[in-house]
Amino acid sequence: MDYTILRPEQKGPVMLLTISRPSALNALNSVFFNEMDDFITSISGNSEIRALIITGEGKAFVAGADIAEMVNMSPDEGRAFSARGQAVFNRFATLPFPVIAAINGFALGGGMELAMACDFRIASATARFGQPEVNLGLIPGYAGTQRLPRLTNLADALWLLTTAEVIDANTALQMRLVQKVTEPEALIPETMKMAENIAAKGPMAVKLVKEVTRKGVEMHYQEGELLEQKHFGDPFGNEGLEGMKAFLEKRKPNW
Ligand code: CO8
């Protein structure tokens, strides 16, 4: 393919990644997944980056997986497309900094699944959310059936998944599907401010809280506590020493 979909812009310690395929409302195709996979590889070892924001160009965040690409797939090809998308989205969890979805418009189907794979979500008041797969005779394939009930609850998830109802940003906020709603023009500035705030924290601590919290929710409680104990020690004599010394000396830490 002779076009690119992802537009990364590094703004100091924050990477702003715009999904730009507005002619198809940023629908996710194979080009997208190849580019996203390469992009994640390119930033995963970059210690200058402390947060990643993902947003969409135009009136959609992402209007779903590319229906035109999927229409003639066989069951096995469908399974492979699902596996590929799940594997790429799962890589967000492995990044040593938060991945924030800044949802500017439609987040439907695979678009809502992309948003749910991020660490948390900020939405413009004009954003719309839904899992319309059943309208197409399909089910979600990028872990929507798994992440939605974990982020909300079983009944809300089944309500959205079976009715294909499209909800607005405030309803998504009430369901805790998103953490904050902004005016449309404030979406990127406010999300950038939040990301810059995170970038000023101890990078090792941010990496560890993400890792321990994400892994912990998938474990038995006691195992999660043990994981926390294990990593609690890691910053001592290191970043934690600097952070605590800075507090006692009434100065900013120099990470
Ligand atoms: N795939 C491909 N093209 C799309 C998609 C999509 N998901 N969504 C929109 N487009 C295209 C339209 O076909 C149209 O193209 P063209 O101008 O060439 O006709 C262009 O984008 C603009 O769209 P509309 O004219 O429809 O714009 P409207 O403002 O009238 O409507 C909507 C906006 C309501 C968002 C409408 O476009 C829509 O309903 N889109 C489809 C939403 C949808 O059903 N999404 C779910 C897709 S299925 C999915 O995501 C499954 C995920 C798991 C897959 C797992 C792998 C197997």
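**Exercise 1.** In this predicted model, find which helices and strands each supply at least two residues of the shell around the ligand.

*Solution.* Start with the helices: helix 2 (67-70), helix 3 (75-90) and helix 4 (110-117) each bring at least two residues. Now look for the top contributor: helix 3 gives the most, with three residues.

**Exercise 2.** Work out how many residues surround the ligand and how they divide into nonpolar, polar and charged.

*Solution.* First get the total: 24 residues surround the ligand. Next, sort them: 13 are nonpolar, seven are polar and four are charged. Finally, pick out the closest ones, which are K59, A63, A65, I67 and G110.

**Exercise 3.** Track down the N or O atoms that K59, A65 and I67 place by the ligand.

*Solution.* Take K59 to begin with: an N or O atom in its side chain is 2.5 Å from an oxygen atom of the ligand. Move on to A65, where a backbone N or O atom sits 2.8 Å from a ligand oxygen. Then check I67: a backbone N or O atom there lies 2.9 Å from a nitrogen atom of the ligand. As for cover, the ligand taken alone exposes 1100 Å², and the protein buries 62% of that.

**Exercise 4.** Which residues make the nonpolar surface patch of about 260 Å², and is L136 buried or partly exposed?

*Solution.* The patch is made by I67, L136 and L138. Locate L136 in the loop between strand 8 (128-130) and helix 5 (144-151). L136 counts as partly exposed because its relative accessible area is 47%, between the 20% and 50% cut-offs.

Definitions and conventions:
Residues are numbered from 1 along each chain as its sequence is written. This is a predicted model: local features need pLDDT of at least 70, side-chain atom pairs count only at pLDDT 80 or more; totals for chains, interfaces and linings use all residues. Side-chain values use heavy atoms; hydrogens and water are left out. Patches are made of residues with over 30% relative accessible area and no salt bridge: like charges are joined within 9 Å, nonpolar side chains (Val, Leu, Ile, Met, Phe, Trp, Tyr) within 5 Å. Accessible areas come from the Shrake-Rupley method with a 1.4 Å probe; for residues, only the protein chains shown count as cover. A salt bridge is a side-chain nitrogen of Lys or Arg within 4 Å of a carboxyl oxygen of Asp or Glu. Helices (H or I, at least four residues) and strands (E, at least two) are DSSP runs, numbered from the N terminus. Buried means under 20% relative accessible area, exposed over 50%, partly exposed in between (1.4 Å probe, protein chains only). A residue is near a molecule or strand if one of its heavy atoms lies within 4 Å of it. A polar contact is a pair of N or O atoms within 3.5 Å; within protein, one must be able to donate a hydrogen and the other to accept it, and residues adjacent in sequence count only if both atoms are side-chain atoms. Ala, Val, Leu, Ile, Met, Phe, Trp, Tyr, Cys and Pro count as nonpolar, Asp, Glu, Lys and Arg as charged, and the others, Gly among them, as polar.
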